[in-house]
Amino acid sequence: MFQKAVLRLTLWYLAVITLLSVAFTVALYQVSTRELNTLEQRQQTVQQSIIQLQLPPSFTALNQQRIEQIEESKQNIAINLAYFNIVIILAGGAISYFLAKQTLQPIEESVEAQNRFTADASHELRTPLTVMRTEIEVALRDGNFNLEESKQLHESTLEEIGKLETLTNNLLQLSKQDSASQRAAFRLCALEDIAAEGVNRVKPQLKKHRDTVETHLERGEVLGDPWSLAELVAILLDNAIKYSPEKSVITLATQVEHQHAVITVADRGIGISPEDMPHIFDRFYRADLSRTKGKQRDGYGLGLSLAKKIADTHHGVIEVHSTLGSGSTFTVRLPLGHK
Ligand code: ADP
């Protein structure tokens with residue numbers, strides 16, 4: 001499909017180049033032959049005078065030779081211009097193809113990414129649905145299905161629904177983080193409030209894992225959407241909880257440094273391997289399961305890509321330092337807000 005589009009665009013570019021080249025050639029031919037035409041006319045008049053005056057034939061021959069030379073020059077100009085056009089059209093064709101490819105490449109990449117995303121999302125959505133369908137079908141076929149089993153089935157279905165909810169919420173958040181409309185609603189938000197709201201959102205997970213969050217909060221303000229910024233902190237805290245042993249201490253700090261607000265979330269968990277490091281912000285990327293053995297894997301690999309998108313929308317950056325087996329530190333740098 002893209003090859004066709006590239007060829008079509010190449011033809012359009014080439015048509016424009018050919019049109020310009022032909023127009024330029026015609027103009028050039030007109031200008032360069034104008035003088036020769038005047039000269040030729042003059043020679044024709046001289047020829048007639050020679051005939052009328054009955055001058056010797058050598059004069060006629062000489063004059064005729066001049067007229068022929070002028071004709072030849074005009075022909076040479078036409079041939080050279082034709083060659084010039086052929087070269088321009090051939091070179092134009094190659095350049096047009098290159099430019100068409102360059103123009104359409106980002107669109108092709110974005111469509112590919114979109115397709116990949118849709119395929120990944122559909123796959124993730126299908127998994128809980130398949131689980132629910134199988135369990136319900138088995139239950140329906142079982143003639144001795146009792147109340148206890150029915151309760152278990154409902155619990156399991158509820159769990160899968162919870163997963164679907166998380167996934168659809170994540171997908172919705174990702175699509176919402178689209179710059180222009182988001183930025184219009186930006187306001188000054190206090191770092192301490194963002195941090196507090198972030199902690200608040202992961203309270204159930206903290207309680208379940210019996211982890212504690214140690215906070216070191218320096219005051220500062222950033223211009224942004226408080227809900228999204230708290231979500232960013234919550235994502236980092238949620239990961240810190242998920243990828244650390246139970247009863248861990250997680251550190252959350254806010255600082256003001258060189259016109260930037262810095263939010264840091266550090267854990268002493270399993271860490272991230274150098275192979276996974278370049279991919280952790282990719283959508284649907286989850287590190288090798290074997291490293292998280294013994295842990296119930298929940299999440300769809302969308303958390304960090306959402307966190308990055310929130311940081312991007314706020315003109316910020318997100319960095320990570322991690323040592324496998326020792327823990328990870330995520331740092332978010334956002335420009336300080338001014339009234
Ligand atoms: P997930 O839903 O799997 O947590 P994320 O996008 O939040 O998805 O994270 C992507 C991957 O990065 C995770 O699967 C995990 O392997 C790794 N990761 C993220 N945060 C941490 C952390 N604090 N410690 C160790 N690994 C982490």
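## Close-up views of a predicted model

The mean positions of the 35 positive and 40 negative charges of the protein lie 2 Å apart. Everything shown in these views comes from a predicted model.

**View 1. The whole protein, before we zoom in.** Let's begin with the overall layout: the protein has eight helices and seven strands. Its radius of gyration is 37 Å, well over the 20 Å that the globule rule gives for 339 residues, so the protein is more spread out than a compact globule. Taken along the principal axes, the box filled by its C-alpha atoms is roughly 130 × 65 × 35 Å. Of the 339 residues, 35% are buried. The protein exposes about 21,200 Å², and carbon and sulfur atoms supply 59% of that area. Looking at contacts between residues at least 6 apart in sequence, 75% join residues at least 24 apart.

**View 2. The largest nonpolar core.** In soluble globular proteins, nonpolar side chains tend to be buried together. Here the largest nonpolar core has 44 residues, and Leu 236, Leu 237, Leu 252 and Phe 330 have the most contacts inside it. Which helix gives the largest share of this core? That is helix 7, residues 226-242, with nine residues.

**View 3. Glu 231, a buried acidic residue.** Helix 7 also holds Glu 231. Is Glu 231 buried or exposed? With a relative accessibility of 17%, Glu 231 counts as buried, because the cut-off for buried is under 20%. Not counting residues up to four places away in sequence, Glu 231 touches Arg 201 and Ile 310.

**View 4. Gln 43 and its partners.** Now move to helix 1, residues 2-53, where Gln 43 is found. Gln 43 has a relative accessible area of 12%, so this residue is buried. Apart from its neighbours within four places in sequence, Gln 43 is in contact with Asn 63, Arg 66, Ile 67 and Ile 70.

**View 5. Helix 8 and the residue that follows.** Which residues of helix 8 are buried? They are Leu 304, Ser 305, Leu 306, Ala 307, Ile 310, Ala 311 and Thr 313. After helix 8 comes His 315, with a positive phi near 55°.

**View 6. Two loop residues with positive phi.** Most residues other than glycine have a negative phi. His 258 is not a glycine, yet its phi is positive, at about 40°. You will find His 258 in the loop between strand 4 (249-257) and strand 5 (260-266). Phe 284, likewise a residue other than glycine, has a positive phi near 65°. Phe 284 sits in the loop between strand 5 and helix 8 (303-313). What about their surroundings? His 258 has 74% relative accessibility and so counts as exposed, whereas Phe 284 is buried, with a relative accessible area of 11%.

Definitions and conventions. Residues numbered from 1 in each chain as written. Predicted model: local features only at pLDDT ≥ 70, side-chain atom pairs only at ≥ 80, totals over all residues. Heavy atoms only, no water. Core = buried A, V, L, I, M, F, W, Y, C linked by side-chain atoms within 4.5 Å. Buried < 20%, exposed > 50% of the residue type's maximum accessible area, 1.4 Å probe, protein only. Helix = DSSP H or I, 4+ residues; strand = E, 2+ residues; numbered from the N terminus. Contact = heavy atoms within 4.5 Å. Rg over C-alpha atoms; globule rule 2.2 N^0.38 Å. Areas by Shrake-Rupley, 256 points an atom, 1.4 Å probe, with all protein chains shown as cover. Lys, Arg positive; Asp, Glu negative; His and termini not counted. Charge placed at Lys NZ, Arg CZ, Asp CG, Glu CD.
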